[in-house]
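These are my notebook entries on one protein structure. I set down what I looked up, topic by topic.

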Amino acid sequence: MSILSTEQIGHSFNDRWLFKDLHFGLLKGDRVALVGINGTGKSTLLKLLAEIFPPQAGKVVKEKGIRIGYLPQEPSFEGLETINDFIFSADNEQQQLIKEYEEVIESEPIDENKLAIITDKLTELDAWEYEYNIKTILNRLSISNFDQKIDSLSGGQKKRLSLAKLLIDEPDVYILDEPTNHLDIETIEWLEKLLTTGQKTVLLVSHDRYFLDSICTEIRELDKGTLFTYKGNYAYFLEKKADREYNDVLSADKARNLLTKELEWMRRMPKARGTKSKARIDAFYELEDKAQGPRSQDKVQLSVKVSRQGSKILELENVSKTFTTKKLIDNFSYVFKKGDRIGLAGKNGSGKSTFLNLITGELQPDSGTIEIGETTKYGYYRQGGLQFTDNERVLDVVKNVAEYIQMANGDTLTASQLLTLFLFPPQKQFGLINKLSGGEKKRLQLMRVLMANPNFLILDEPSNDLDIDTLNVLEEFLINYPGVLILVSHDRYLIDKLTEQLFIFDGTGHVTIYNGNYADFKYEQELKSKEEKLNSKNKKETVEVPIQKAEEKKKLSYKEQLEHESLEKEIDTIEVAIKDKTAELNTESDHLKLSELADEIKKLQTILDAKSARWLELSEYM
């Protein structure tokens, strides 16, 4: 039985129905991705299910008492002043106690009496594990200053704050609109594990294909108001969607052959048609519609000309840059070559954007030199988006760059013709920019960058707010792009497909140059981690006997020493079992099997927690 569903729901936007009589249901434990091109109504459907506003037709039905957590693309914090006000809910006793606890331990001097009272209350409510989970979530999402004003946060910080609150509240249904935007790769991988642990019910919209593959057991495509369901992950969806579209073409061909015969019959029919023929006439019009076949999707077309590039492109020698006391880049050198395809990797705040601003001349290095070749022409797609005034029209913004644009095949297009290729019809070209959706603004920004014919292309998080179809076209263009490419993206699929080299920023100033893509780097890191763990284990086993002899004078009995030894091995075994079960959970599509696996993981986690606590207790006396 569905815990959240719709009944003949319908909604329109600007006098155009996005969908009508739509049925959408979620069962407990479902992990569903909603996909479709920009403008089909994905975000609108999420808002309707989250009850942000009511539908214009039909209704949303949910199980009694169910709690829904909604993450919007652009969070609102109306009426809230600080991060503290937002994170800790006034109606949640545990959260309020944790808030008081944090305030007391940060105060000078610490009120020991008050601390003791709060500590006792937290123990009574069994809230210490909850407090640990809250801290883990906030640390992972780089939220530490609880007194910071929300108004001072950037768009990315606000999105992470909103995600942190949702994860802390642990709702019954997670509704997430582009959850990976503004997260670094390591945090996305952590979020994947969090959402796939336990029997969480998740509905999400995302352009991140690796994320969809890891999280979802079902894909639902919203296409021209119709919902198509595919059991399985995103890779399976692509395969089955291709089959469906191929079958639609075959059906249309058959319908066209039959339509020719029916058309002759319709022409022979007398004007005063009898009621006996009405059913056949209705069938004719249905056949006519079917014979048109699947309508081809409009696609962005990218084929702009690239400026000629000389032998000297860009040279960095011993470049360093520090902000306040934090060194972001320390003594870095590199000579760019023709055809370089470089991905920038590292946590948020590690220096990637600073590096881009240095090579484009927007920042000056503290030391070292940056020499730009005479023929180097930058195209810089910024994460911040378009800068515009409220009264600017879409067409005017393009004409400010150029009235005419030369394409790769030598054709010259007007600004209006180029906008049409980028899926901006005439009515939108003469409309105001502030009426565009987030995805449309990003598409317009991409077009403005490419129309300047750059030979050194810098893309800072290009996948944010772009639909997957537009991303696919962008990928095809970039694969054949002859200039130098620098890509900053949390989208691992994009990084793997388009780059051949990585600059890895560690946040302390050191930049590692790695030959290979992110998948290669990650694989090497995992191998290195396993080797270090194995070496550490071997080292521990080597010193184990003398430690035991030296500790015989301590409180542990011989039996307890054996228990301590045994627990260590058992904990390792359980951790491996949890990892294997989680991996199996990610690839399983059967609902019953998913539920069984989730229960098994939960039981194993409980056993692990108990054994870890006992191991720590014994370790104190070792």
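I began with strand β4 (residues 31-35), which is joined to β8 by three bridges and runs parallel to it. Strands here are DSSP runs of E with at least two residues, helices are runs of H or I with at least four, and both are numbered from the N terminus. Two strands count as paired if DSSP finds at least two bridges between them. Opposite Ala33 I found Leu204 in β8.

I noted two matters of method. The model is predicted, so local features need pLDDT of at least 70 and side-chain atom pairs count only at pLDDT 80 or more, while totals for chains, interfaces and linings use all residues. Residues are numbered from 1 along each chain as its sequence is written, and side-chain values use heavy atoms, with hydrogens and water left out.

**Entry: the surroundings of β8**

I then looked up the other pairing of β8 in my list, with strand β7 (residues 173-177); these two strands are parallel and share five bridges. Val173 stands opposite Thr201 in β8. Between β7 and β8 the chain passes through helix α7 (residues 185-196), and this β-α-β crossover is right-handed. That term applies if, with the strands pointing away from the viewer, the path from the first strand over the helix to the second runs clockwise.

Is β8 mostly covered or mostly open? I found that five of the five residues in β8 (residues 201-205) are buried. Buried means under 20% relative accessible area, exposed means over 50%, and partly exposed lies in between, with a 1.4 Å probe and protein chains only. Thr201, Leu203 and Val205 are buried on one side of β8, and Val202 and Leu204 are buried on the other.

**Entry: Pro179**

I found Pro179 in the loop between β7 and α7. Its relative accessibility is 1%, so Pro179 counts as buried. Leaving aside residues up to four places away in sequence, Pro179 touches Leu71, Leu163, Leu191, Val205, Ser206 and Phe211; contact means heavy atoms within 4.5 Å. I also looked up Ser162, which is 17 residues from Pro179 in sequence and 9.9 Å away, C-alpha to C-alpha.

**Entry: the six-stranded sheet**

Six strands form an open sheet with mixed pairing, in the order β15-β18-β19-β13-β20-β21. β15 (378-381) and β21 (511-515) are at the edges with a single partner strand each, so one side of each has no neighbour in the sheet. From one strand to the next the twist averages 15°. Such angles run from 0 to 180 degrees between N-to-C directions, and axes are lines fitted to C-alpha atoms, for helices over the stretch in contact.

I looked closely at one pair: β15 and β18 (residues 456-460) run parallel and are joined by four bridges. Gly379 is opposite Leu457 in β18. Helix α15 (residues 438-450) lies across β15 and β18, at about 170° to β15.

**Entry: the three-stranded sheet**

Another open sheet has three strands in the order β12-β11-β14, with antiparallel pairing. Its edge strands, β12 (326-335) and β14 (367-372), each pair on one side only. The twist averages 25° from one strand to the next. β11 (residues 314-323) and β14 run antiparallel and are joined by five bridges. I noted Thr369 in β14 as the bridge partner of Glu317. Helix α11 (residues 352-359) lies across β11, β12 and β14, running at about 130° to β11.

**Entry: two helices**

At what angle do the axes of α3 and α5 cross? For α3 (residues 93-106) and α5 (residues 128-140) I found roughly 70°, with the axes coming within 10 Å. That makes α3 roughly perpendicular to α5; under 35 degrees counts as roughly parallel, over 145 as roughly antiparallel, 65 to 115 as roughly perpendicular and the rest as oblique.

**Entry: two residues with positive phi**

Lys224, in the loop between β9 (218-223) and β10 (226-231), has phi near 50°, a positive value in a residue other than glycine. Lys224 is partly exposed, with a relative accessible area of 47%. Glu461, in the loop between β18 and α16 (468-479), has a positive phi of about 55° and is not a glycine either. Glu461 counts as buried, at 10% relative accessibility.
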